[in-house]
Amino acid sequence: MPTLRSHTTILFADLSSSTRIGESLDPEVFAELLARVRKLAEEVITRHGGVINQFYGDGVLAAFGFLEPREDDVLRAITSALELHEAVARIPPVPGLDIPNFKVQLHSGIHSDLVFVQEGDSIQGRYKLTGDALNTAARLSDAAKAGEILVSAATICNLLPYFNTVLVPPLKLKGKRNELDAYKVLSRTRVRTRFEASRQRGLRQLIGREEELKQMFGEFARLQQDGCQYFELCGDPGIGKTRLCEEFLAQTPHNTVVLKAYCESGDSGRPLQPFIQVINTLFGLKSNTIKLDSRTRFKDILRLNYTALTHFEEDYLALLELADGDPKAIDSTLLAQRSIAAITALIRHLAKHKTVVLYLDDWHLADDLTSKALLNLMRELDRYPVFIVTATRVPAYQFRSFRGTTLYLNSLDLEQSTLLASGLFNPSLLKQFANTLYEQSGGNPLFIEELCQSMSAAPLSRIYDGQLDSVPVTLSGLIGARLKRLPGELHQLVNIAAVLGNKFDQWLLEAVAGSQVTSERLTELASFDVIYQGGTEGTLRFKHGITRDVAYDKIGFYEKRATHAKTAKVLEANLHQRGSDNYLELLAYHHQGAEDRFNAGFYAELAGDRAMATMSLDRAGSQYKRALAMLDPDTCAESSYGRWKSILLKFGWVSVFDPLLDHRESFQRGLVLTRVHDDFETMAKIHYWLAYLYYALGDADHSIEHCEQALELARQMSAWPLQVETTALLGQAKGSASDYDQALVLLDNAMQAKQLHYKRKHLSVGSAYALACKGTILGDQGLFDPAYRCFDTALESLRGADYFHVEGSVLGLYSAVNLWQGRWEEGRDIAIQAHHAAQRISRSYMSSIYLSLAAFAEWKMEGNESAISVVLSHTSNLEQHHKYLYLSLNYGWLAEMLVSVGKWQAARKYAARALVRARHNDRLGEAMANRALALIAEHQHPGSFRKYLDRAISSAHIRQARHETAKNNLLWGSILLRHKQQTQAQHHLDLALRDFKAMKMPWFSQQVIDLLQQSSASA
């Protein structure tokens, strides 16, 4: 048989306690037992479509899917394991087995992954199977106890409704670097509906979306009256977002200007890519045209058709990388601003005369600068008839405040699925398979399409029998099976295209593939729904990104490496003619695929520098991480430690602006290398970056630990600037951990040192944030007037500068202090300002913080329950991004709000989360959480509320939070009044009123006065 690469499900099943059984049995009897187990295995596994590859000792190795892929191979593998376990457990007592109360059992492991298949032999089994799937399944089997079936989470995740399962603690398997998540499978459930795969995209025809289309046109009709509208179409991959948008665009009035573009992830994308696509389309620019010709054509059309925009000519040329001279000579920040202004001017020019629809596909892949450009477009074209439509997998929270509508697409029902399938499959055969098809697809349009194509390719006899043997286990299997049906010459062309990426230039494919590329073959690939024309003329694109991924996985290792190397060579040969910056990320990617670590790191660093210059932080971070991995001194002979550490320090700035949990690994690797090289100066800086990263993620304990190490090293080397910066950061970390006395000293020392040394008129950006942290501490202590002076000074120093990330952070803290004082309207307005600052740098997690502040303020003013949903949504977003700095506030607010509407169970959940955060010294929500628990206890277990209020008092004391102490007394008094304990209630209310008045908290003071009046009236 020829060798092949296939996604395969591996089942390892072993006889439990076989050594003990062998010791107790006569060898002949033991051999009979093993033979019986093997016979059962052969019967069960073969009946479920598996292949027994090898019997070894007391176990069996079976494989599902590599010869005849089935749509439900994982389902078959797990089901056969359950049946085999049950069959073996029914084996009657074995004669001569001297083990009391013993029954024969198996233990099994199941895992799916890519497997390399070769002809087998008598030693290695029927087939020689190579791949991590075998190792992982074997290790899972080893980890399973008698009678257990362990399945990796990655394998069973989409099939959980079919089985009764238990999630086991993460497994540390022998020989595996990382822990593995797995489920213990107990039994089958009654569920028989086909799973809806999570990775599906595309829809061949529009079915069942009439109401959604009507809603889109309803929002479109509001343009003339209300101006610019934002419409977000959200749903899972493959649910039909793109197809619905295309139908909408096709039905818009003929005089509408339709601008279509899509966002691209990974190596083939670039900042502002969708808007570059729009300009290329409007001006008829092709990617395969040489730079000089494109520049000439652009200038001619601009001066002929867009006379009013000619003063933006140089900006457009720079954006399109068609300008004369070295683009690096232009200030990157200014270039980004001018590019955004030019894009806005172009859309405004179009919208002055006609209605404009701007459709942006795959918006969840948008880079930071593109998001910033769209936000600017919305603000500047507020009153113009511009309808912005985005198709995205996840909601874009930062755009919702702008007259936005989010429409979520759901799966099709049985009738709609059947109607869709009727256009894909033989209608005369469809009726008897309609229910089966619906179950298999789960109503997802892409699954329906793939299943129908699989059925169309299968022999009629197999279809009549209802056996969809050719349908793979997962969506990747489905696509893999379809690719396998391509004629040989097309299959080879798809392999080359898969190496190039999901979207690529046609000239590049022609240069790499040579004579294999013909217009006829490209047309044929489009007819197979594999590759079609991209959004820009001269580009090609896979129909689904996952189609490319599956094709890429199935390419042989050596073939893949050779194609990457050839592609890199072609790109380098064309750099001068086509513009180097356009291909830096691609060159890094292809050199990495060719295992040329040095050049991969070289181009990745350049790409990271380019992205950082335009504040495209996500791209900069991914490219610097690639450069670090490629140029690690232990793995790249041509790299040097000095170069590696310089990239790491650049990466540190990315972490400041966009902290992510997985950034830790690079810095921890840096600590290892600095120890090896006795480089204590860099070690100190790395400790500083790690401290900042942990602080920003809400891990104060680790932040303080790394700050202290950085500070000690900086002192030893007399590195004064680093000492000052670290002192400020240590103060911020101590403040977030409620160690206010030390925090204030550290913050003051750092700010004074900077002021004395630099003698600046205004505070530095770092000092401005440090001053805001000081203001937050003073506010928590009830010293609101000096707190506000801190914030005013900090904001004044940032005025006019492009420090939106710092401005937003300062405003967010300012808003929180206003809320502590009960200044709800002021706190809300400041939070909205912070949100707008976050929008300007496209940081959705920061917007979640600020919109939570605003929503809580709205709830305190209006009592609107919709505010609870807003805080819940944004809290979930922050948790998903592992952003825990001050998240305790959200938990405290939710506990308070949910108690007020009688949702006690949910309130307990968030109160518990606040208390967990308190164990990590994030105590800002602890007192609120305990007050919420006290209210629940008062209703459920009268008398037990006191312990929670005692804990709230303790928390306020630790934080030195006078406003919390007053609020605790307010609650004490209100509860005691309800319990008719007038004297004690009066005492607590008097204390609360004294503190509220002293801290100028009139809203809370009025709450106390109202209670005292009620008390007097009732007395």
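**Whole chain.** I started with burial: 57% of the 1019 residues of the chain count as buried, where buried means under 20% relative accessible area, exposed over 50% and partly exposed in between, with a 1.4 Å probe and protein chains only. This is a predicted model, in which local features need pLDDT of at least 70, side-chain atom pairs count only at pLDDT 80 or more, and totals for chains, interfaces and linings use all residues. Residues are numbered from 1 along each chain as its sequence is written, and side-chain values use heavy atoms, with hydrogens and water left out.

I looked up the secondary structure next and got 47 helices and 16 strands in the chain. These are DSSP runs numbered from the N terminus, helices being H or I with at least four residues and strands E with at least two. Contact here means heavy atoms within 4.5 Å. Among contacts in the chain with a separation of 6 or more, 70% come from residues 24 or more positions apart.

In which order do the 5 strands of the open sheet run? I read 10-11-12-9-13, with parallel pairing; two strands pair if DSSP finds at least two bridges between them. Strand 10 (257-262) and strand 13 (404-408) are the edges, each pairing on one side only. On average, neighbouring strands of this sheet are turned by 15 degrees against each other, direction ignored.

Strand 10 and strand 11 (residues 356-361) run parallel and are joined by 6 bridges. A261 has L360 of strand 11 standing opposite. Helix 9 (residues 273-282) lies across both strand 10 and strand 11, at about 135 degrees to strand 10. For such angles, axes are lines fitted to C-alpha atoms, for helices over the stretch in contact, and the values run from 0 to 180 degrees between N-to-C directions.

**Helices 26 and 27.** I checked how helix 26 (residues 584-593) packs on helix 27 (residues 597-613): the angle is about 155 degrees and the axes are 8 Å apart. Helix 26 and helix 27 are therefore roughly antiparallel (under 35 degrees is roughly parallel, over 145 roughly antiparallel, 65 to 115 roughly perpendicular, the rest oblique). From helix 26, L584, L587 and H591 are among the residues that meet helix 27, whose side includes Y603, L606 and R610.

**Helices 45 and 46, and H963.** Helix 45 packs against helix 46 (residues 982-998) at about 150 degrees, with the axes 8 Å apart. That makes helix 45 roughly antiparallel to helix 46. The contact includes H963, K967 and W972 of helix 45, and H988, L991 and F996 of helix 46.

Is H963 buried or exposed? H963, in helix 45 (residues 962-978), counts as buried because its relative accessibility is 0%. I found its side chain in a polar contact with the side chain of K967 at 3.0 Å. A polar contact is a pair of N or O atoms within 3.5 Å; within protein, one must be able to donate a hydrogen and the other to accept it, and residues adjacent in sequence count only if both atoms are side-chain atoms. Beyond four places in sequence, H963 touches G779, D780, F784, W820, F996, M999 and M1001.

**L711.** Last stop was L711 in helix 32 (residues 700-716). L711 is buried, with a relative accessible area of 6%. Leaving out residues up to four places away in sequence, L711 touches Q723, T726, T727 and L730. I also noted 8.7 Å between the C-alpha atoms of L711 and V724, which are 13 residues apart along the chain.
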